Amino acid sequence: MSTKTDVSYLSSEQATAIDEALMGPLGFSIDQLMELAGLSVATAAAEEYPLQKCPRVLIVCGPGNNGGDGLVAARHLCHFGYQPTVVYPKQTPKPLYQGLVTQLRSFEIPIEVALPDKIDENYDFILDAIFGFSFRGDVRPPFDTILAALQKARPPIMSVDIPSGWAVDGDGPGASGLR
């Protein structure tokens, strides 16, 4: 595992500038960036939580791009041999996200709207893809209760971008952010 000394961090302003450059003059689409991010997340998860020891993964997705990264990661983890379950309580009606859900369903990856029972017994690790670097303010329902439940879960949690509920440029988790 990494320590704080060997990890570099971007401010929300820097991350936004990178996204704008990628989708502006460099010509990337949001679809391409989400696919690359989801593949990178799945690859990092597979490295940190080997399939032989941790085949069962719970992926909790939010309504924005971070959630889309989680949906893509779920598909790739399935391709890698993992058994993903997706929790997607606030589904986004945009065609990009609907297409990702269709892909997951075609692989028979379970998609739930609420956290399943017995997380500690049924999952080896959790992928937090709820909120990303642009998160601001208080965590609202249904994510406030979801984050509270994840706080109590025993499986390790890997977050996309930043632990959900944290303000990137702040001092860590807000009142209900993951710790």
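Reader: In which helix is Arg-75 found?

Author: Arg-75 is found in helix α3, residues 65-79; helices are DSSP runs of H or I with at least four residues, strands are runs of E with at least two, and both are numbered from the N terminus. This is a predicted model, in which local features need pLDDT of at least 70, side-chain atom pairs count only at pLDDT 80 or more, and totals for chains, interfaces and linings use all residues. Residues are numbered from 1 along each chain as its sequence is written, and side-chain values use heavy atoms, with hydrogens and water left out.

Reader: Why is Arg-75 called buried?

Author: Buried means under 20% relative accessible area, exposed means over 50%, and partly exposed lies in between (1.4 Å probe, protein chains only). Arg-75 has a relative accessible area of 11%, and therefore counts as buried. Leaving aside neighbours within four places in sequence, Arg-75 is in contact (heavy atoms within 4.5 Å) with residues including Glu-35, Leu-100 and Phe-107.

Reader: What makes α2 oblique to α4?

Author: The axes of α2 (residues 30-48) and α4 (residues 95-106) come within 11 Å and cross at roughly 40°. That angle makes α2 oblique to α4, because angles under 35 degrees count as roughly parallel, over 145 as roughly antiparallel, 65 to 115 as roughly perpendicular and the rest as oblique. The axes are lines fitted to C-alpha atoms, for helices over the stretch in contact, and the angles run from 0 to 180 degrees between N-to-C directions.

Reader: Which residues of α2 and α4 meet?

Author: Ile-30, Asp-31 and Met-34 in α2 meet Leu-96, Tyr-97 and Leu-100 in α4. By class, this contact has five nonpolar, no polar and one charged residues; Ala, Val, Leu, Ile, Met, Phe, Trp, Tyr, Cys and Pro count as nonpolar, Asp, Glu, Lys and Arg as charged, and the others, Gly among them, as polar.

Reader: Why does Glu-108 count as exposed?

Author: Glu-108 has a relative accessible area of 72%, and so Glu-108 is exposed. Glu-108 lies in the loop between α4 and β3 (111-112). Although Glu-108 is not a glycine, its phi is positive, at about 60°.
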